[in-house]
Amino acid sequence: MQTHFTTEQLRDPDIASSNRELRTCVHCGFCTATCPTFLLLGDELDSPRGRIYLIKDMLETGRPATEDVVRHVDRCLSCLSCMTTCPSGVNYMHLVDHARAYIEQTYKRPWPERMIRAALGALIPNPSAFRVALAGAQLARPLAGLIPGQGMLSQRLRAMLRLAPASTPSPSPIERPAIHPAIGPRKARVALLAGCAQQVLAPSINEATIRLLTRLGVEVVIAREAGCCGSLNHHMGQHDAAMARARANIEAWNAEIGVGGLDAIIVNASGCGTTIKDYGFMFRAEDAPLREKAERVSSLALDVTEFLTRFGYTPSRPAPDLTVAYHAACSLQHGQKVTADPKTLLKAAGFRVVEPAEGHICCGSAGTYNLLQPAIANQLRDRKLGNLRATRPDLIAAGNIGCITQLGGDTLPVVHTIELLDWMAGGPRPEPLKN
Amino acid sequence: MIPLPAPKQDVLQRRAAIVAGLRDLLPESGLISEPNRLKPYETDGLSAYRMPPMAVALPETTEQVAAVLRFCSRNGVRVVPRGAGTSLSGGALPMEDSVVVGLMRMNRILDIDYADRCATVQAGVTNIGVTNAVSANGFFYAPDPSSQLACMIGGNVNMNSGGAHCLKYGVTANNLLGLKIVTIDGDILDIGGHHLDAAGYDWLGLLTGSEGMLAVVTEVTVRILRAPEGARAMLAAFASNEVAGACVDSIISSGIIPVALEFMDRPAIHACEAFAHAGYPLDAEAMLIIEVEGSTAEQDDLLGRLSAICNRHDPISLKVSQSAEESLAIWKGRKGAFGAIGRISPDYLCMDGTIPTSQLPLVLRRIGEMSAGYGLGVANIFHAGDGNLHPLIMFDANDPASFHKAETFGADILRLCVEVGGCLTGEHGVGVEKRDLMPVQFAPHELAQQRRIKSAFDPDWLLNPSKVFPLVGPAAGPVLSMAAE
């Protein structure tokens with residue numbers, strides 16, 4: 001597509017990068033077809049091509065973001081389904097990331113929204129603060145029905161209370177910075193992203209990961225000073241906070257590489273994996289040592305199912321006679337293009353694996369999306385659960401805590417893929433399957 | 001640049017009242033009128049032409065479409081119908097004084113009749129959406145434009161879209177049984193039904209391919225067909241475009257009708273392979289995708305005969321797809337071909353001429369010569385079996401001289417198509433892109449007769465202005481202006 005940037009504008013590395021993507025786009029419109037919001041709302045402005053056009057206009061004119069542009073960019077789930085569809089190879093993720101940071105810098109949101117976004121950006125990435133906030137939400141849960149009105153603020157408060165779990169598991173000691181030695185001869189050494197929200201909501205996922213990996217002969221390091229990957233802030237356009245969190249991880253893992261070497265950095269929350277694999281791009285304008293460290297981290301990052309596929313996985317229990325509907329998290333299938341590995345592993349573990357119709361369409365979780373855009377998120381969840389139920393499964397497996405929370409609470413148990421793989425290789429039966 | 005008619009000043013002056021009037025006819029969020037929200041609607045798949053409309057209406061029912069058209073007709077407002085906005089000929093290009101009627105919200109499957117083998121869907125259902133709705137029962141909808149993932153059935157009717165598999169099954173016109181249309185006066189008409197051959201004049205034939213200039217299509221009844229028992233694709237690689245072209249001619253003249261017979265040249269093969277990883281022959285100058293279908297015995301017999309024909313043209317390689325995944329990747333590459341050119345060139349013009357297949361070797365050679373003459377790259381991707389060419393002319397839209405050259409080059413190709421006994425458009429429609437070449441194809445009295453048909457449906461020429469007919473007579477505005485810089 002034609003663009004209209006001045007030479008002066010193109011000196012900004014972010015504009016230069018976005019210009020490259022805009023020039024790659026040929027405006028063919030294929031992306032509209034697989035965009036969840038275009039499907040629901042039927043408006044070009046709520047499609048990738050429409051958003052690209054809005055972003056292009058905003059960046060070209062250099063004017064502050066307007067409420068109209070913000071509304072349509074905010075409605076983007078960042079599911080990246082459009083990137084799987086795009087024949088031209090436009091990196092929409094980098095474009096929309098740039099737009100979000102630009103919006104944050106140039107647009108003043110109404111105060112309730114500023115408060116909510118600031119609170120989410122500060123609380124969720126910090127496990128102890130998030131735990132306290134959830135305890136508060138649990139107390140307030142019965143009051144959800146009393147919040148009046150259909151305004152965005154009321155909808156968002158109700159969504160937050162609804163999504164807060166009825167009880168929070170106790171913190172797991174296994175997630176403290178430590179080295180978990182391999183059982184038997186050590187065949188590999190990896191770092192595990194302990195994460196933020198996931199360890200509060202479902203510590204069993206990290207427990208299963210560490211159990212399974214160490215049993216296979218992998219030494220697992222939870223690095224000191226590593227924490228939230230930065231995605232939450234990144235997706236809300238909170239650029240500095242995102243970079244600070246990413247930088248902490250980059251330094252922590254590089255320190256670990258210096259101490260004992262790392263064969264991989266394992267991620268078991270695919271939303272985080274997409275961002276960590278992009279650290280190299282995020283730090284592209286930094287000076288050499290940091291830039292190279294970021295690139296090293298991105299090149300070592302693997303989803304846990306990618307690692308297991310390469311490393312080898314064999315079950316030790318007999319096949320469990322269960323049908324698993326595999327829910328492909330968008331960050332895994334579109335963000336990281338990991339599609340076959342989880343299903344192949346689940347089949348190898350002895351499960352019957354079925355896939356829902358519209359597997360490429362997002363469940364509506366999308367990080368904080370289900371808190372910030374509850375109406376669209378709820379429609380997508382119902383659509384997804386309908387398609388999953390139609391496959392008549394015994395349970396649902398997914399590789400991302402966001403999807404697990406979004407799809408949970410229904411009659412079907414939702415379990416992380418790694419918990420099922422651990423169970424079949426000698427670990428305990430996952431909690432949701434114990435009745 | 002192709003000139004566009006000047007806007008009607010009186011309409012622009014009444015803008016606020018027109019927007020308010022339209023707003024009353026549509027559901028909440030059904031009307032867009034803010035300038036920065038109109039911008040993404042200023043163009044379609046031919047993004048070199050751009051013009052933001054006065055407003056965009058997003059109706060949800062046929063009745064709302066009728067109300068909007070009645071209102072526009074009474075107020076002398078031009079109307080541009082739009083589906084998914086994937087037109088490569090600028091078929092959905094708005095005018096400054098026009099209202100875009102977007103049918104994307106009308107995306108429901110209304111009825112599937114397996115006994116009579118047809119389906120009725122709203123105009124905003126995607127082409128693939130029709131097949132998806134019936135595939136679990138072993139049926140499919142045959143016409144398959146490359147943009148079938150995104151393009152909508154209403155647009156397919158208006159452009160009489162084809163596709164790779166039309167060699168065997170025919171184009172949209174051959175797969176259509178009924179339409180619900182809204183005239184510019186707001187009257188709702190039902191045409192055809194669940195049976196072949198509609199009553200009275202051949203309205204379906206007239207409206208199919210009418211490019212949104214006669215009426216707005218809101219519902220479509222299409223034929224659905226039993227899916228074949230199986231299908232297999234073969235890749236045949238050749239050392240030159242002309243040899244591949246000669247091979248196409250041999251296949252067609254042998255009497256075999258493969259279900260698809262597609263041509264890609266070297267630049268196209270490389271761009272598409274990078275996208276689809278289909279195992280295309282990267283050492284070839286040209287490649288044919290030949291697909292056959294039916295029982296395994298039928299496929300084997302046809303592939304054997306086709307291989308023998310290919311072998312007479314000294315192929316570099318012949319490869320038969322060994323699995324469903326491989327076939328899927330082969331088609332993914334072909335269907336994503338236009339967009340994949342975005343990997344090797346920032347912009348392209350996609351031509352769409354049709355020629356007798358016996359002329360393929362000559363026309364391909366001449367296109368190659370023109371490419372060298374203009375100094376612009378060309379990727380050739382097309383439905384070879386139908387003789388429907390899609391040369392993609394690569395240019396840089398940030399360089400106006402390059403765009404001008406590309407347009408002139410494109411016009412030369414289309415003139416060549418007419419010269420060898422073919423026509424200006426196979427399936428993309430005339431739109432704004434080929435409008436001024438219509439006199440190359442038609443004599444003045446032939447164009448005049450077509451204009452009379454347009455006037456019979458739309459006396460004030462309000463529907464899809466500035467498309468198809470050169471800007472003389474009723475198609476012309478008071479002054480000519482340029483669409484874009």
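Chain B holds 17 helices and 22 strands (DSSP runs numbered from the N terminus: helices are H or I with at least four residues, strands are E with at least two). Its radius of gyration is 22 Å, close to the 23 Å that the globule rule gives for 485 residues, so chain B is as compact as a globular protein of that length. The radius is taken over C-alpha atoms, and the rule is 2.2 Å times the number of residues to the power 0.38. This is a predicted model: local features need pLDDT of at least 70, side-chain atom pairs count only at pLDDT 80 or more, and totals for chains, interfaces and linings use all residues. Residues are numbered from 1 along each chain as its sequence is written, while chains are lettered from A and ligands numbered from 1 in the order in which they are written.

**Confidence**

- The predictor gives the complex an ipTM of 0.92 and a pTM of 0.94.
- Chain B averages a pLDDT of 93, and 98% of its residues score at least 70. pLDDT is the predictor's confidence in each residue, from 0 to 100.
- Residues 478-485 of chain B stay under 50 in pLDDT. For this stretch the model has 20 contacts beyond four places in sequence. Two residues are in contact if their C-beta atoms, placed from the backbone, lie within 7 Å.
- Where pLDDT is low, the predicted coordinates should not be read in detail.

**Chain B overall**

- The C-alpha trace of chain B spans about 70 × 55 × 40 Å along its principal axes.
- Of its 485 residues, 54% count as buried. Buried means 20 or more other C-beta atoms within 10 Å of the residue's own; exposed means 12 or fewer, and partly exposed lies in between, with C-beta atoms placed from the backbone.
- Among contacts in chain B with a separation of 6 or more, 73% join residues 24 or more positions apart.

**Domains of chain B**

- Chain B is divided into domain 1 (109-226), domain 2 (231-338) and domain 3 (345-419). Domain bounds come from an automatic or database domain assignment.
- The C-alpha centres of domain 2 and domain 3 of chain B lie 21 Å apart.
- Their contact takes 20 residues from domain 2 of chain B and 17 residues from domain 3 of chain B.
- On the domain 2 side, α9 (241-253), β14 (260-265), α10 (266-276) and α13 (337-340) of chain B give two or more residues each. The largest share, 7 residues, comes from α9(B).
- That side of domain 2 of chain B has 14 nonpolar, 2 polar and 4 charged residues. Ala, Val, Leu, Ile, Met, Phe, Trp, Tyr, Cys and Pro count as nonpolar, Asp, Glu, Lys and Arg as charged, and the others, Gly among them, as polar.

**Helix α4 of chain B**

- Helix α4 (residues 62-74) of chain B has 13 residues and reaches 18 Å from first C-alpha to last, close to the 18 Å expected at 1.5 Å a residue. The expected span is 1.5 Å times one less than the number of residues.
- Q64(B), V65(B), A66(B), V68(B), L69(B) and C72(B) are buried in α4(B).
- G76(B) follows α4(B), with a positive phi near 65 degrees.

**The site of K467(B)**

- K467(B) sits in the loop between α17 (444-457) and β22 (480-482) of chain B.
- K467(B) is buried because 24 other C-beta atoms lie within 10 Å.
- Beyond its neighbours within four places in sequence, K467(B) contacts G91(B), E211(B), M213(B), V430(B), G431(B), V432(B) and R435(B).
- K467(B) and S89(B) are 378 residues apart in sequence, yet 9.4 Å apart in space, C-alpha to C-alpha.

- The domain assignment of chain A gives domain 1 (7-106) and domain 2 (312-433). Their C-alpha centres lie 29 Å apart.
- The contact between them takes 13 residues from domain 1 of chain A and 12 residues from domain 2 of chain A.
- The 12 residues of α2(A) should span 16 Å at 1.5 Å a residue; its end C-alpha atoms are 17 Å apart, which agrees.
- I15(A), S18(A), N19(A), E21(A), L22(A) and R23(A) are buried in α2(A). The buried residues of α2(A) pack against α1 (7-10), α4 and α7 (92-106) of chain A.

**Contact between the chains**

- The contact takes 28 residues from chain A and 33 residues from chain B.
- α2 (13-24), α4 (48-61) and α5 (67-74) of chain A each supply at least two residues of the side that touches chain B. The largest share, 4 residues, comes from α4(A).
- The side of chain A that touches chain B has 12 nonpolar, 11 polar and 5 charged residues.
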